[in-house]
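Morning, everyone. Please have a look at the chain on the screen, and then I will walk you through it.

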Amino acid sequence: MSLFERTQIVGSNGRASPARGKELFAGILLVVLIATVGIRNMVPAEALAPAIVTLLFTVAAATIGLALLCRRDRFRTMWFDLGGTLTFIGIVISVLIEPDQIVRLFTFEHQPE
């Protein structure tokens, strides 16, 4: 074996991997952003953060559900990573939520106190 032999570190065919994790993750975040803009008109401003967190957890659960349906290991790992990342983002945003905001999300507006 030569010191300058590079067959071990050079890619074999030069084609890109069919797993497009970064593009898929960017697409999922774009869909969540568009849904957030749509939700902004339906919920009060103080209930927006809990609604976003709920949306992120729902999308993460759907992504992990797709990972369980996938049979190939490389794609399955990518789907699990995407779902875990969305869950982590939801947890980070949920730290910013005050408990009163969650109560306002689930109460009726026209209810006497």
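Let's start with the surface. The chain exposes about 8,800 Å², and carbon and sulfur atoms supply 64% of that area. Accessible areas here come from the Shrake-Rupley method with a 1.4 Å probe, and for residues only the protein chains shown count as cover.

Some ground rules. This is a predicted model, in which local features need pLDDT of at least 70 and side-chain atom pairs count only at pLDDT 80 or more, while totals for chains, interfaces and linings use all residues. Residues are numbered from 1 along each chain as its sequence is written, and side-chain values use heavy atoms, with hydrogens and water left out.

Now the layout. The chain has four helices and zero strands. Its pattern along the sequence is α-α-α-α. Helices are DSSP runs of H or I with at least four residues, strands are runs of E with at least two, and numbering goes from the N terminus.

How much of the chain is buried? Of its 113 residues, 23% count as buried. Buried means under 20% relative accessible area, exposed means over 50%, and partly exposed is in between, with a 1.4 Å probe and protein chains only.

Next, contacts, meaning heavy atoms within 4.5 Å. Take the contacts between residues at least 6 apart in sequence: 68% of them join residues at least 24 apart.

On to the core. A nonpolar core is a set of buried Ala, Val, Leu, Ile, Met, Phe, Trp, Tyr and Cys residues joined through side-chain atoms within 4.5 Å. The largest one has 17 residues, and I39, L56, F75, M78, W79, L82 and L86 touch the most other members. Helices α1, α2 and α3 each give two or more residues to this core. The top contributor is α2, with seven residues. As a general point, nonpolar side chains in soluble globular proteins tend to be buried together.

Let's stay with α2. This helix has 22 residues and reaches 32 Å from its first C-alpha to its last, close to the 32 Å expected at 1.5 Å a residue. That expected span is 1.5 Å times one less than the number of residues. Its buried residues include L48, I52, L55, L56 and T63.

T63 sits in α2, residues 48–69. Why does T63 count as buried? Because its relative accessibility is 4%. Beyond its neighbours within four places in sequence, T63 contacts I28, W79, L82, G83 and L86.

Leaving out residues up to four places away in sequence, T36 touches L48, I52 and L55.

I34 counts as exposed because its relative accessible area is 56%. Together, L30, L33, I34 and V37 make a nonpolar surface patch of about 380 Å². Such a patch joins nonpolar side chains (Val, Leu, Ile, Met, Phe, Trp, Tyr) within 5 Å, or like charges within 9 Å, using residues with over 30% relative accessible area and no salt bridge. A salt bridge is a side-chain nitrogen of Lys or Arg within 4 Å of a carboxyl oxygen of Asp or Glu.

Two last residues. P44 lies in the loop between α1 and α2. P44 is partly exposed, because its relative accessibility is 31%. P44 and Q101 are 57 residues apart in sequence, yet 9.8 Å apart in space, C-alpha to C-alpha. D81 belongs to α3, residues 73–94. D81 is partly exposed at 47% relative accessibility.
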